[in-house]
Amino acid sequence: MESAAQPSEAVPWRSRTVQLVLTSTALAPLGVPLISPALPVVRDAFGITDAQASLLVSTYFLVGIVLSPFIGVLADRIGRKRVLVGGLLAFGLLGGAMAIAPTFEVLLALRIAQGTAAAAIFITTVTIVGDAFDGVQRNAVLGANVAVLSATAALFPVVGGLLVGISWNAPFLAYLVAIPIAAFTQVALDEPHRTGDVDGGSYLVDAARTVLTPAIAALFAVAFLTEFLLFGVIFTAMPFVLATAFTPVLIGVVILISETASMLVALSSGRLARYLSNEWLIAAGFGCYAAGFAAAWAATGLLGTIGSVAVVGVGVGLLMPVVDAAVSDRVATDHLAGAMSLRNSTTFLGRTAGPIAFAGLAISAGVGYEPLLLAASLVAVAATVVTVVAGPVRLARADARRSSAYRLS
């Protein structure tokens, strides 16, 4: 473990493992935040509906829901490094191909395939952190991971808004940057040393048994709801609400504010975890969701909207590092990639269901986007109350018995 020589709350920024994980993580917002401000333009370019345009968000995660567990097995059988490099290459090539898609159907098909590559990146990066670090330092590194995710997610909506002003397909060319990063990872990343073999079938069964506990199930529920509300409100409903009065660039700025708040809070994850239990961090995160969504519903201008999404961003920064840190604490290394892959399926399910639910209710059911902001706030209030009241299901740190399958050299 790299944590042995490091202060418990510090992020070892000079660690090559940390640097490569964070570099790979920086690509993730190319998936959704980059194109979220472009959804109305893509809708007009192909002559499709709002609900159809939102499929570019939801289908990105669709295949990952099913394939993530198998990606976890693959990461243990052939190595984290190979899966990460392959995922980065596929992510870049498929994304670049979307820029020349002749029809919306082709664009959607490429998007679905790219989601599988994205799943490989998501799973391997957090698994590598789980392999390498322990305790509150794991919270700190995962917080830095979320901070990088938020920082690039804050930048990419503005970039996407600028690029879509040139052409509907210009944002997709940005995916090509993943190709040189894959080459860098292949050269520089050290693969954890395997000391045992992993059988695919039994591995999945054992990993499933590992997560069938009240605490892990509760953490997966938190992961689902966090992403369901985030992608349903911030990345789907808000762009369409704001599109009636603001340009794509301004929409990108609003999302930037939310991601900036998330980044700043996530960077403090290690310190917060030293003084607060995981359940209190989760309760605080959902409380911020509740306040932020309610404020967005009540907002009458740009400043009110910016303030509301900033509060939501604080909630994201509190929630995201906690789930992966708590799962890593409770799962042995033998099954860590499998557990993280199952968590990834849960996360992707939330990201897929959120846009579909919000766009479907707003347009197909005729509810409209604004009432859904208030409904999201009420759901977050309920989640806050459940987290505080459910005392028997403790989410605080637990030491998993570190196993024999992987050791860092």
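In which helix does Ile65 lie? Ile65 is part of helix α4, residues 62-78, where helices (H or I, at least four residues) and strands (E, at least two) are DSSP runs numbered from the N terminus. Everything shown here belongs to a predicted model, in which local features need pLDDT of at least 70, side-chain atom pairs count only at pLDDT 80 or more, and totals for chains, interfaces and linings use all residues. Residues are numbered from 1 along each chain as its sequence is written, and side-chain values use heavy atoms, with hydrogens and water left out.

**View 1. Ile65 and its partners from another part of the chain.** Setting aside neighbours within four places in sequence, Ile65 is in contact (heavy atoms within 4.5 Å) with Ser345, Phe348, Leu349 and Thr352.

**View 2. Helix α4 meets helix α5.** These two helices pack at about 125 degrees, their axes 6 Å apart. Axes are lines fitted to C-alpha atoms, for helices over the stretch in contact, and angles run from 0 to 180 degrees between N-to-C directions. The angle makes α4 oblique to α5; under 35 degrees counts as roughly parallel, over 145 as roughly antiparallel, 65 to 115 as roughly perpendicular and the rest as oblique. On the α4 side, look for Ile71, Leu74, Ala75, Asp76 and Ile78, and on the α5 side for Arg80, Arg82 and Val83. By class, this contact has five nonpolar, no polar and three charged residues. Here Ala, Val, Leu, Ile, Met, Phe, Trp, Tyr, Cys and Pro count as nonpolar, Asp, Glu, Lys and Arg as charged, and the others, Gly among them, as polar.

**View 3. Helix α5 beside helix α6.** The axes of α5 (residues 80-98) and α6 (residues 104-132) come within 8 Å and cross at roughly 150 degrees, so the two helices are roughly antiparallel. Their contact includes 16 nonpolar, six polar and three charged residues. The crossing is left-handed: the near helix is turned anticlockwise from the far one by less than a right angle, whereas clockwise would be right-handed.

**View 4. Helix α10 against helix α11.** With axes 10 Å apart, α10 (residues 214-242) and α11 (residues 248-266) pack at about 145 degrees. This time the crossing is right-handed. Ile234, Phe235, Pro239 and Leu242 of α10 touch Ile251, Val254, Ile255 and Glu259 of α11.

**View 5. Helix α15 and the glycine after it.** Just after α15, Gly366 takes a positive phi of about 75 degrees.
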